[in-house]
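I opened a new structure today and kept notes as I went. The entries below follow the order in which I looked things up.

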Amino acid sequence: MKEKLIELLTQLKPGIDYNHQTNLISGGYFTSLEIMRLVMLLQDAFDVTISPLYILPENFESVDAMLHLIELVEDD
Amino acid sequence: METVIFQFEKMLHKLQQKQVTNKVAFLDATSQVTYQQLYEDALFFAYKIICNTKKNDVVCLLMQRGVPMAMMMLACIYAGTPYVILDDQQPIDRIIKIIKIANPSLIIYDEVNLDKCPSLNAFCSTFFLANKDQTQVDNFSLLARKKQIIATDPLYILFTSGSTGEPKGTVITHHNVCSYIEWFVHCFHLNRKTIFANQTPFYFSMSVSDYYATLLTGATMVIVPKSYFSFPVKLFEMMNEFQVNTIYWVPSVYRLIYQFKLLDYIKPKYLKLALFAGEVMPTKILNDWMDHLPKVQFCNLFGPTETTDICTYFKVNRRFANNEALPIGNACENLEVFLINENHQKITDHSVGELIVKGPFVASGYYHNPSKTKNSFIQNPLQKNYPEVVYRTGDLCYYNENHELMYVSRIDFQIKHLGYRIELGEIETIINANLNIKIGFCIYDKENDNILCFYEGKTEKKELNQYLVSKLPYYMIPKYYIKLNEVKLNQNGKIDRKYYQNYFNELLKEDELK
């Protein structure tokens, strides 16, 4: 799952060390439109629905945070 | 005629009478300032500015958007020195381009932008940091400078990107802003109880409306951090926390919230007035907002930087179909607008013509740019009896059957294709009415006489073509469709059309359009 996510992120925005970055949002790596696009990609790739209430900076800061988010919404 | 200072002090006096000068004027994610503190800080910095400038010298502000910036703008006003706000996110080359035109006597920066100063040394000799120090303010100098300021003096110079890529600085006077804000405040019943959630950067003309309306009515402006517009839950939480009742945002932000379906989950509880401008609002997005927030008054504002901010407005008073365009309405009170044809005659029927603006919101012209000024700020073509300057917007409009103005496109967007005169905006309205399209726009490839359609959405090229064929005459159907992962916006949040023109040329060269 982690590899799939990293592949997805690399497609969206290459050149970022997704394995180690933990400030993807606070570090300003993504524009608002990229974040929106990312949400759509995650929903399609992992077949989940991410409620807007989960679209919070802390859920996108790192790959682990995103994986955690996906697990969370899978249970919903 | 009055100055902004006069109006601001009149308002401050009212706050003093009601003993509410501790009311918050501006706040952002990390700080806030009351009217009393704002006034004191502005005078302190005004004195520091006066020590380094003559009246009407240009001062550049290289600062982050936030409370200190809002205060520093007021300081410049008190110092009688028109300010230029530099976008600290833009490349240093463009900052230098603007500085070369503005030729400032002083640059004020904050700590975040300290590293940029060495590159700017060659163009300006005096800099100071926007932090308070031990300077002793001399009230006499402050008063002497204040007395010299009159309503026709420049208040600020706002730079926009010209069509050639060279920045143009529009000079706006005290008289422009006082007249404009008088309309804005009356039209929307703004007052001390108004609480804005500011979205637009201070170097963008839309911010003139919420900034000065706040300053001159004693309202409160919540300066929302840019990142909150990526995470709109935070945005709405902040709006509810501070009981925001008025917003004035670009349509892209309305679109973002629409696409996240955020209004299904959380609502801005105190919102009463939702204004938008800067780009065409897709009607399906407005309809969605209206469905979710039936009690909110929505209003479409329209105007260029050269008319301070707005010249026409339309209070949404009826329901529009998704494929209908919204009117831009009628002239603001105390302003006149009319349409002229190619022979500079006034249009009195429903045909398309260029929008001309006349009245006290019209800027003085462009800074250090007599040729561009001469092209756009012209003698009123309808009368030759005495000198009277009007502004040519370069926008094409027509009057609908309700005598409301309808925006068509920029003059440069009006094209002649297969013998027909076509407005790209008309095609765009149809594209954007499609529920599977997130955003779409058209560009005209003049060299090869092709209409190009760029879009982001779930639809495949073929489907979109079929859809357009069913809605538009054959001569308006784009030749090429280019599906994008994400539409690139420029620094003001508008579609970066220049970029896509070049992008298309690249695709054409590489023969990747088949």
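These entries cover domains, a sheet, a helix and a few single residues.

**Entry: the model.** I noted at the start that this is a predicted model.

**Entry: domains of chain B.** I looked up the domain assignment of chain B, which gives domain 1 (4-315), domain 2 (330-409) and domain 3 (418-509). I then took the centres of domain 1 and domain 3 of chain B over C-alpha atoms and found 34 Å between them. In the contact, domain 1 of chain B takes part with 12 residues and domain 3 of chain B with 10 residues. On the domain 1 side, α10 (251-259) and α11 (283-292) of chain B each supply at least two residues. I sorted that side of domain 1 of chain B by class and got four nonpolar, five polar and three charged residues.

**Entry: chain A against chain B.** I did the count for the two chains as well: 12 residues from chain A and 15 residues from chain B make the contact. The chain A side that touches chain B has eight nonpolar, two polar and two charged residues.

**Entry: a sheet in chain B.** I traced an open sheet of three strands in chain B, with the order β24-β25-β26 and mixed pairing. β24 (437-445) and β26 (480-483) of chain B are the edge strands, each pairing on one side only. From one strand to the next, the twist averages 20 degrees. For β24(B) and strand β25 (residues 450-457) of chain B I found the antiparallel sense, over eight bridges. Which residue of β25(B) is the bridge partner of B:F441? I looked, and B:F454 is the partner. Helix α15 (residues 497-509) of chain B packs on this sheet and touches β24 and β25 of chain B. The direction of α15 makes about 65 degrees with that of β24(B).

**Entry: helix α1 of chain B.** I checked the length of helix α1 (residues 4-17) of chain B. Its 14 residues should span 20 Å at 1.5 Å a residue, and the end C-alpha atoms are 20 Å apart, so the two agree.

Entry: Most residues other than glycine have a negative phi, so I wrote down two exceptions. I placed B:Q19 in the loop between α1 and β1 (24-27) of chain B. Is B:Q19 buried or exposed? B:Q19 is exposed, because 7 other C-beta atoms lie within 10 Å and 12 or fewer count as exposed. Phi of B:K261 is also positive, near 55 degrees. B:K261 is in the loop between α10 and β12 (273-276) of chain B. B:K261 has 12 C-beta neighbours inside 10 Å and therefore counts as exposed.

**Entry: B:I195.** I found B:I195 in strand β9 (residues 195-198) of chain B. Why does B:I195 count as buried? There are 22 other C-beta atoms within 10 Å of B:I195, and 20 or more make a residue buried. I left aside neighbours within four places in sequence and listed contacts of B:I195, among them B:A219, B:V222, B:F242 and B:V244. I also took one distance: B:I195 and B:G218 are 23 residues apart in sequence, and their C-alpha atoms are 9.9 Å apart in space.

Terms used:
Residues numbered from 1 in each chain as written. Chains lettered and ligands numbered in written order. Predicted model: local features only at pLDDT ≥ 70, side-chain atom pairs only at ≥ 80, totals over all residues. Pairing = 2+ DSSP bridges. Helix = DSSP H or I, 4+ residues; strand = E, 2+ residues; numbered from the N terminus. Axes fitted to C-alpha atoms, helices over the stretch in contact; angles between N-to-C directions. Contact = placed C-beta atoms within 7 Å. Expected span 1.5 Å × (residues − 1). Domains from an automatic or database assignment. Nonpolar A, V, L, I, M, F, W, Y, C, P; charged D, E, K, R; others polar.
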